[in-house]
Amino acid sequence: MGDVKSIVSIAVMETDSEHRRTFSVVSTSSTSILAVTKTRHPPRVGGAEKFRELLRLALTRLRVILGETKETRRPISQKGLFAYNYVEPLFNWWGANFRVLATQCLGRVEARDAFGNAKELLNGASHNYAGFYKSTIEAERLQRQCLELLPVSDSDAVPMLRDKTHRAIAEFLRADFCFTTSTGYGSNYIALPALVDCSTVVIMDENCHNSMFTGVFLAPGANLRKFKHNNMESLESLLTACVDESINVIVAIEGLYSMEADVPPLDAIYRLKKDYNFVLYCDEAHSFLSLGRTGRGCLEYWNDNHPESPLPWDLIDIRTGTLSKAVGGIGGIIAGKRCFEEGICKYIGNLDECENISLPSSTMVQTLWVLGQPCRISRNLERLANIARFCREELDRFGIFVYGDVGTPVLPVYTGRPSLSAKLSYALRCGGLLATPVCSPAVPFWESRVRINLSADFTDEEVNKLVQVVICAAASVGISRTTGIIPSTVFKTDESSYLVDEDLDEARAAFDSARHLVKMDAMTGPMSLQRELFNKTCGPQILEVGHHSRVQYGIGAGGARWICGTFPPHLAVEDLIARVTGMEAGMTYADASIGLASTIAAISRPLVGHNKHYMLFERGVTQFVRDGLTMVSKKDAPTLLGYVDLFQLAQQVRKLSQKYKKLCLTVYLRISEDSAHHLLSSVLEEIVSLIGPESVLTILLHTTAQYLNPRDFVSYPSQNNIHVLVCGSFNRIFGLPAGFLTGPECLIRELRYTSRGYMFTTSPPPFVMEMLQAALERNLTIE
């Protein structure tokens, strides 16, 4: 395998085939190409271009205003208005770049826009880096058996499958332990608070993922400091300030920064670690199974490219990551050295709910299937690296600035202006390539870009088309040069060399092992409450829906919806749950607990025209409610007022309404099986009667009961200045892993862009959502 040669022939823009320039890249296990971090900087946006952009944004806002009707309800926060006036219309290109995926997230995908127009596109928006999304006959047989026998997302109900998954991941990463979580976001959400205490200082790269910052914020007495991206002088200056021996220091980085496509300078970090003795924490979400000869992440990638001075494997103390990207399921991982295991285990044991740490059985099976084929992983990643090198060189040759390091499978194409990133994304779609526009706050405002993800699943023909489409689209928006360059490009490899007999042996062994574990857990594993609930509310008919949907859409969604697009079952479930709860719109979360915390954090924002925001919450609330309140930035934080019972709640609202004519108030109410429903309805009516026309009231009803419709016992107010949200868990209703939020259309649209548990988390698996769709439709039929 290591001696297989990859022949790359180069050319672009078909004109005269005689003007063809070719060269070959030979990749073997003993030969590596030195990866040098790019020292060049992206172009700068000039004054004239900035003026042009501000004019474009003004025209965009004007078009939004002209499209409004008397019934239109606009967002009432600054963040909501920014998304409504600029981000949503440009990102979706007025509906023409909206993405509803009708097939799996493979090399090619069928996508529909907001007007129903369907087109098959090259998929540059998926995270199928290692090319494992496409299901083989054996993989599909495994998943069918798993759903038939173990339709659960409760890890405790499948102890043999869970323990084997943990061991397989730990062994692959050469770690002492591994825990899994419901999402990749959840891995940082759990690991960092477990590691950080009042004597800990966390020094984090400023470009780290939102989930890492969230994890630190949730820690008691968190002391967070940020260093400039990949700037070791900035890091060392912060380390120097931590001279007290009683202080524990954690340096947090990512293995591959997906918006910059670069890896951290691990050699410099190694030298600093020897001098300052800190704990190195690395999120390998985008580098796990995408970087390195065998997919072990950034450290292996670094050593592959620096064979003369390899770094020790124990450089990284704690790794987190996701099973939602390269693996193709949904879930997160926490792996590391033995000394950290007890603290993380204890933190997990103290969680109020287990949804946050439970991994679907389908993802466990997929993980064992992928990790059980090391030769296939290596061959696919060799191909992926060759594709990445080829694409980068060609785009650079045409003057297209691409951020990042050699061989990384992400191509962030610089556009500068936000509207230009949206325009380029649409131009790429017209040319046949799906790619994601990225702007502030994910990247600096004047360094907007379009992110293209590569995959080992791409054929040679698809790689050539991808490069050609990017060059043509970039030329159409004025960010590339095409004159004086040798035309025509060909990427050509011996694709048959990636299909050899030893793959069949690996696949057979992985299949037999996973199938045995599924059967054993089905026979001997404990019956969970979630499984009992699923059997009671869903049953065989819903299972068959899941089988059919999995064949059409695959096991996982492939990423967050704003990156990859959405699937019809997600839209159908959101429409149905809105109807069931009597609301205008809905949204879904992969993890109900993180969804609740994210919703509370998002609705705690300041509102336009209101200087003070009060939030009333029940004393003794669950951890995830407290997490939501903790996640709010100090600058935007509302004034928190607790209440013991509903009588005190009404009294608090009465006092505030008497004190403020223009009141901004949010009320959290939990509805459980034992709630006093008639009293709750009466108190809500009293609260609503106290709210004047200039005040704004948001009521968040958090239902923890098994029944579905809160309208049975709570009458919703209808005033325009009163917003009611309903938050709940499908796991408590149908035994299926997902959460939901419903409410007014204007507020749900805002939360799609401001709720971090929605924006930065992979969406629920499409086959799970289609099962939920069938269950909800049956529920409505019964009603």
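Student: Which residue just after α4 takes a positive phi?

Tutor: Arg174 does, with a phi of about 55°. Before going on, note that this is a predicted model, in which local features need pLDDT of at least 70 and side-chain atom pairs count only at pLDDT 80 or more, whereas totals for chains, interfaces and linings use all residues. Residues are numbered from 1 along each chain as its sequence is written, and side-chain values use heavy atoms, with hydrogens and water left out.

Student: Which residues of α4 are buried?

Tutor: A residue is termed buried under 20% relative accessible area, exposed over 50%, and partly exposed in between (1.4 Å probe, protein chains only). In α4 the buried residues are Leu161, Arg162, Thr165, His166, Ala168, Ile169, Ala170 and Phe172.

Student: How many residues of α5 are buried?

Tutor: The count is 12 of 12, so described as mostly covered. Among them are Tyr185, Asn188, Tyr189 and Pro193.

Student: What joins the side chains of Thr214 and Tyr185?

Tutor: A polar contact is a pair of N or O atoms within 3.5 Å; within protein, one must be able to donate a hydrogen and the other to accept it, and residues adjacent in sequence count only if both atoms are side-chain atoms. Here such a contact, of 3.0 Å, joins the two side chains. Thr214 belongs to helix α6 (residues 210-217) and counts as buried because its relative accessibility is 0%. Contact in the wider sense means heavy atoms within 4.5 Å. Setting aside residues up to four places away in sequence, Thr214 touches Tyr185, Tyr189, Met631 and Arg756.

Student: Is Lys273 buried or exposed?

Tutor: Lys273 is buried, because its relative accessible area is 14%. This lysine is found in helix α8 (residues 266-276). Beyond residues up to four places away in sequence, Lys273 touches Phe278, Leu280, Asp314, Leu315, Asp317 and Lys337. Of these, Leu315 is 42 residues from Lys273 in sequence and 8.3 Å away in space, C-alpha to C-alpha.

Student: What is the strand order of the open sheet of four strands?

Tutor: Strands of a sheet pair through backbone hydrogen bonds, either parallel or antiparallel. Two strands are taken to pair if DSSP finds at least two bridges between them. The order is β1-β2-β3-β12, with mixed pairing. The edge strands, β1 (100-101) and β12 (433-434), each pair on one side only. Strand β1 runs antiparallel to β2 (residues 108-112), joined by two bridges, and Val100 stands opposite Arg112 in β2.

Student: Why is β14 said to be largely enclosed?

Tutor: Strand β14 (residues 448-453) is so described because six of its six residues are buried. Ser448, Val450 and Ile452 cover one side, and Arg449, Arg451 and Asn453 the other. β14 pairs in the antiparallel sense with β11 (residues 410-416) over six bridges and with β13 (residues 436-438) over three bridges. Val450 is the bridge partner of Val413 and also stands opposite Pro437.

Student: Which residues are in contact with Ser425, leaving aside its neighbours within four places in sequence?

Tutor: They are Asn97, Ala435, Pro437 and Val450. The side chains of Ser425 and Asn97 are joined by a polar contact of 2.9 Å. Ser425 lies in helix α13 (residues 418-431) and counts as buried because its relative accessibility is 0%.

Student: Which domains does the chain assignment give?

Tutor: Domain bounds come from an automatic or database domain assignment. It gives domain 1 (110-129 + 374-485), domain 2 (137-372) and domain 3 (549-782). The contact between domain 1 and domain 2 takes 23 residues from domain 1 and 22 residues from domain 2, and their C-alpha centres lie 27 Å apart.
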